[in-house]
Every structure is written in structure tokens, then in C-alpha cells.
Amino acid sequence: MVDFMKIAILDDYFDTLRALPCFQKLAGHDVTVWNDHTQDLDTLAQRLKETEALVLIRERTEIRAPLLARLDKLKLISQRSVYPHIDIDACTRRGVIVSSSQHAGTPCYAAAELTWGLVLAAMRGIPQQMAALQAGKWQIGVGNSLRDKTLGVYGYGRIGREIAGYGRVFGMNVVVCAREASLAKARMDGYATAAGKAAFFEECDVISLHMRLAQATRGIVTAGDLARMKPTALIVNTSRAPLIEPGALVGALQAGRPGMAAVDVYEEEPVLDTNNPLLSMGNVVCTPHIGYVTREEYEIQFAEIFDQITAYCDGKPINVVNPEVLATR
């Protein structure tokens, strides 16, 4: 049993967490919240030298072996979702438990809502029309309606299922492309399934990507897939940038197939270089990885993250992704 821990929270850009009801789960602990972002090794080592439990907000900061080697007091990393930014092997060697809830049964309405917002924004050219209005121009083009168009949902998990539902409500013809187990679920929900990957990319007017990034899905959307899309089509990615073959999206947009894109995720984040080609394309709508960034979603996520700390303090760690550590502690 542990009654008191020194806890550090990184990358809470807008100092949101302290105002959430779930923050009270950390009452009695010494909590330090950092609102800026840094990946500088010396800075992080200094900030975290006394930290026993480290809270991460998604993949904003990488935790690699050189940093871990300087954090002698660290016992627990608590976060949510996937963990490509954490050197799990290095954590295991140093006896650091990594707890990360995979929330497989929890819908992510925030990400689904942003995805649909991007679909509407791109199809109607909302950001471009607003920018033109601010520049003293009136109507710069003609948008596209969604009703009777074909929506392709690539991956039918907890977010993909929500997107399919939105498409149905908007009068779209929904087609799902996914693994066979997921296709069976989509059919049970009354959706059509793709005859094959090639036909899926050829026929859909809007394609939205909704799958976890793993070795099997990295680069699953190739330049050849994008080249099959209609010149009037839109591809939306609010999942992970590496689902698309590196460099393929920019090349495809420059070639005119598909004709539009809306993205919330990037090959390297944060994107601070204004010369990033996606930011200068008139047929692309970009947002800075805000799919999960709402107060309501934070409450859901950090309630779980803080529960993981409480479980550790009770001597019963949960959602442990490196259980080998438990045998050596």
C-alpha cells in the first residue's frame, strides 16, 4: 500500500486537468502539472527526477531509454491507449510499471464528432470560404452535398461504427472495409461491405480511416489505393498518419486523386513548420490532432488514468502492459 506519491503530468497545454472532477482522485498526492511541451532530455530529466508516477497525455512526449536511465525514482507510467512513444522494454528493465487502458469497449464520441466535422468542412469548403470572406471576397466556389454519396468506413471499431451511423443519418450509402470479424459486425448492423480493397477505393466518395496503428496496419493505405480514388473524392484521417504510406497522401493530392483530404494526424507531431505541404494545399483541411481534445473526453480518459494510479497505490496494478515487472518487484 502507498499513501503518497510524487506525480508529474506532462503536456497539459491549457491546464485543463486540474479543473476536471476526476482530478480529485489524486487528492493527497504531490502533483506537478507541466503546461508546456519539451522533448529535451536534460529538461525532462530535471523536471522528473523526483517523480514516482508519470502521467502522459497520449503520445505528446516520447519516453525512451536515455530518459528512463535518469529517472531513478520512477515506479509507474499511467496513460491511456496505444504506447509507441514509450520504450516498454526499457521500462521493464528498470522495473517501471506501464499501465495503459485500451478502452476497447468505450466509444470515443469526441473523435467521431471531429471526424464528421472534418467531412462537412471539407465537402463544403468551410475553412476556405471563411478565409475568403475575411479577405473581402464573397463565395469562392461550389461545395458538395453528402446525401446519396457513398461513405467508405475503413475499419469498423468503436469510432468507425459511430461514423457509419452518422453517414446513415445524413442519407449516405455506407460501405465498410475491415477484417472479417469486423465485417461480420458491420453486416449485423445493416451495412454493406466492400467486395474488395480496390473496389472500395474506386467507388467511395468519402473514405474515413478508423483503425489502430500496428505493424499489420502501418502503410495499409498505399499510393496505389489513393490513385484509385475519384478526383471528386475525399479521404479523412483522424486515426494515425502512418496508416497511409509515407509521402503518399501529398503525392496523391498533387496528382488529383483524391481531390480532397481532411487530416488531424501527421507523420511527425507537433507540426510547427508552416512549410508542411498539407498546410498550403487549398484542397486540404487540417487540424492539430484534436480528435480527443474535449473536456468531456478528458474526464473519461483521465478518470481511467488516475484509477490506474490508485490501483498501484493499493498494491493491485491494473492494465499493465509489461506484466514481467510484477514478478521482479
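Predicted model: local features only at pLDDT ≥ 70, side-chain atom pairs only at ≥ 80, totals over all residues.
Residues are numbered from 1 along each chain as its sequence is written, and side-chain values use heavy atoms, with hydrogens and water left out. Local features need pLDDT of at least 70 and side-chain atom pairs count only at pLDDT 80 or more, while totals for chains, interfaces and linings use all residues. Helices (H or I, at least four residues) and strands (E, at least two) are DSSP runs, numbered from the N terminus.

A cavity is a set of points where a 1.4 Å probe fits but cannot get out. A pocket is an open set with protein on both sides within 12 Å along at least five of seven lines. Lining residues have an atom within 4 Å of a point. Grid points are joined across faces, edges and corners, and a volume is the space filled by probe spheres set on the points.

The largest pocket holds about 1100 Å³ of space. Its lining comprises 41 residues, and Gly157, Arg158, His210, Met211 and Arg212 are the closest to its centre. Helix α6 gives the most, with five residues. By class, 19 lining residues are nonpolar, 12 polar and 10 charged. Here Ala, Val, Leu, Ile, Met, Phe, Trp, Tyr, Cys and Pro count as nonpolar, Asp, Glu, Lys and Arg as charged, and the others, Gly among them, as polar.

The second largest pocket holds about 850 Å³. It is lined by 32 residues. Glu59, Glu268, Glu269, Pro270 and His289 lie nearest its centre. The lining has 16 nonpolar, six polar and 10 charged residues.

His289 belongs to the loop between β12 (284–286) and α11 (295–313). With a relative accessibility of 17%, His289 counts as buried (under 20% relative accessible area; exposed is over 50%, partly exposed in between; 1.4 Å probe, protein chains only). Leaving aside residues up to four places away in sequence, His289 touches Arg240, Asp264, Val265 and Glu269 (contact means heavy atoms within 4.5 Å).

A search of the whole structure finds one cavity of 30 Å³ or more. The largest cavity has a volume of about 30 Å³. It is lined by Leu10, Asp11, Trp34, Asp36, His37, Thr38, Leu44, Arg47 and Thr61. These divide into three nonpolar, three polar and three charged residues.

Aromatic contacts were then examined. Rings of Phe, Tyr and Trp (its six-membered ring) pair if their centres lie within 6.5 Å; planes under 30 degrees apart count as stacked, over 60 as edge-to-face and the rest as tilted. The count comes to 11 aromatic pairs. In one of them, the ring centres of Phe23 and Phe306 are 6.2 Å apart and the planes stand at 75°, so the pair is edge-to-face. Phe23 lies in the loop between β1 (6–9) and β2 (30–33), and Phe306 in helix α11, so the pair ties together parts that are 283 residues apart in sequence. Both Phe23 and Phe306 are buried.

Trp116 and Tyr166 form an edge-to-face pair, at 6.0 Å centre to centre and 65° between the planes. Trp116 lies in helix α4 and Tyr166 in helix α6, so this pair ties together parts that are 50 residues apart in sequence. Trp116 is buried, with a relative accessible area of 5%. Tyr166 is partly exposed, at 21%.

One aromatic cluster is formed by Phe23, Tyr292, Tyr298, Phe302 and Phe306. Arg58 lies over the face of Tyr292, at 4.6 Å from the ring centre. The charged end of Arg60 sits over the ring of Tyr13, 4.0 Å from its centre. For such cases, NZ of Lys or CZ of Arg is within 6 Å of the ring centre and within 35 degrees of the ring normal.

Gly247 lies in the loop between β10 (234–237) and α10 (248–255). Gly247 is partly exposed, at 45% relative accessible area. In α10, Ala248, Leu249, Val250, Ala252 and Leu253 are buried. Their cover includes α9 (223–227), β10, β11 (260–263) and β12. Gly256 follows α10 and has a positive phi, near 95°.
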